[in-house]
Amino acid sequence: MSGMAGGRLVRLAETGRAPVRFLLDGVERVALAGDTVLTAVLANAPALRQAEFGPEQRAGFCLMGACQDCWIWQEQGPRIRACSTPVADGMRLLTRTREDWP
Amino acid sequence: MTGPRIVIVGAGPAGIRAAETLAVAGLLPTVIDEGARAGGQIYRRPPDGFTRPPETLYGSQAAKAVALHAAFDGLAAAGRIVHLPRHSVVALAGGVLHAMGDGRSRRIGYDRLILATGATDRLAPVPGWQAPGVYSLGAMQIALKAQGIAMGRRIVLAGSGPLLTLLATQLIKAGAGVAAVLDTAGLRGQMAAFPDLAVRPSFALQGLAMRARLGRLYHAGITLEAIKASDTGVTAVRWTDAGGRRRRTDCDAVGLGWHLRAETQLADLAGCRFAYDPTWAQWLPCADRMGRAGDSVYLAGDGLRLLGADGAEVAGRLAASACLSDLGLPGPDGTADLKRLDRLERFARGIARAFPWPADQVRALPDDAVLCRCEGVTAGSVRETAVYGGAEANRVKSLGRAGMGRCQGRYCQIAATDLIASASGLAHAGEAGRLRAQAPIRPTAIGEWLEQE
């Protein structure tokens, strides 16, 4: 699907919604109004974050707020649970922890 | 307000019917729910701006979904219930709930509490299941319903239970690529449960018809061997078919699930008793047939008995009736609902036997397989900890961290107790005990906790 290069998920319906612009690892990406952060990121990338306890990346698991797999970093610090947070214009998301923090 | 303070946690089918029953009796219940809109998971609604009609979202259950949503929205709009959406109850003590939402914490006192906390998928670990692109079956259904997406281009669905067949049918209908539907339940066991399933003939027939339409995609009696992945995610599932042949199906996403696991943390914090239920292969809270669980606490829906959405509606009405009766107030007669509950329970136990927990697959996990997705604790580590530290779930958690991670054991506890039992020579997983719930039951930001209303 156009604009989905590198994304994990496939949009099957409801594609006529308004675009939302956000930054993922510093690069501007486009999602749709009503997307969760999880949908917005995985439409553009294969994963949400690096696992803390293993070599693999993570891309969410339960999508109902129970497994806590989908917490993603923001540039300004606080993490958000991607499956239960709506994406918003101007969000600045990171798939890796910032390395320049004190 | 002067009436009794009644709080309902959860706005799925059970919570909605409980709230309606109380509102009709003239009370003003507060409903706290994590969702943005009432409906729960099975009747989950997409955000504003989505346009697919209920028939597309909920199929043959559309009328039930519409009725529930309308009942709740009508009462909320009329001010006959107080709705607190997007709030998580994370702790409970001394008649006070702690709810997180809007970036702060609220303390909400209650005189009576109805817990309608529902269920999650019940998961068995498969070697490689920590790879990106592996989801629960429920997750894939939520993605389709609430976001209009498929989690991959070529999907393998594996596990057992009604959702396996239903989700496969829904994904195919929506245009997703489904590569295989792999059921760990054998056909013989499924047939043996048929007398119980026949108490709900239309449901049983719908299931069979969906199965028939899946045709050659569906395989019964399989054994899952491993999920293969590259750096960017899942690449294949290796499995053994019912005839013992080793198979491999290439894919970029995997959905896993073995029916349901009751969400019971709040019931535990509220002091409810629990008993191990071998049919469901899990610990469930104890309550009378109405849902009374002691100390002004009532339970309803899949968080008490795994009967599905229809059973949850019935249980929600019964719990509210019990609450009214205990307050000395008139309420609806529950006789017909109690009869319904018996029939639904017989059907549900038939389902549980037809699509059982894959204990043999869990006990055969290789030592290097990840058991706990949160912290990468392996099956071997749990076996070793059980032998050294004592064959009990909380001890294994303290010493080896299985169940200590951010999901608090929701997705590894059942498998962990199987491993503990088999490593220690216990008769069954129930003898390995049950993880005690610990508040907060969701990860909670310190800043939000300090920001009290």
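A residue is termed buried here if 20 or more other C-beta atoms, placed from the backbone, lie within 10 Å of its own, exposed if 12 or fewer do, and partly exposed in between. The structure is a predicted model, in which local features need pLDDT of at least 70 and side-chain atom pairs count only at pLDDT 80 or more, whereas totals for chains, interfaces and linings use all residues. Residues are numbered from 1 along each chain as its sequence is written, and chains are lettered from A in the order in which they are written.

Chain B contains 16 helices and 23 strands, taken as DSSP runs numbered from the N terminus (helices, H or I, at least four residues; strands, E, at least two). Its radius of gyration, over C-alpha atoms, is 22 Å, close to the 22 Å that the globule rule (2.2 Å times the number of residues to the power 0.38) gives for 453 residues, so chain B is as compact as a globular protein of that length. Of these 453 residues, 55% are buried. Among contacts in chain B with a separation of 6 or more, 68% are between residues 24 or more positions apart; a contact requires C-beta atoms, placed from the backbone, within 7 Å.

An automatic or database domain assignment divides chain B into domain 1 (6-120 + 261-350), domain 2 (123-258) and domain 3 (365-432). The centres of domain 1 and domain 3 of chain B, taken over C-alpha atoms, are separated by 31 Å. Six residues of domain 1 and five residues of domain 3 form the contact between them.

Helix α15 of chain B (residues 413-424) has eleven of its twelve residues buried, including B:I414, B:L419 and B:I420. The cover over these buried residues includes β18 (260-262), β20 (282-285) and α13 (379-389) of chain B. Just after α15(B), B:G425 adopts a positive phi of about 75 degrees.

Between the chains, 33 residues of chain A are in contact with 42 residues of chain B. On the chain A side, β1 (10-11) and β5 (57-58) are the elements that give two or more residues. This side comprises 17 nonpolar, eight polar and eight charged residues, with Ala, Val, Leu, Ile, Met, Phe, Trp, Tyr, Cys and Pro counted as nonpolar, Asp, Glu, Lys and Arg as charged, and the others, Gly among them, as polar. Strand β1(A) runs antiparallel to β10(B) (residues 149-150), joined by two bridges; strands pair if DSSP finds at least two bridges between them. Within β10(B), B:A150 is the bridge partner of A:V10.

Methods: Contact = placed C-beta atoms within 7 Å.
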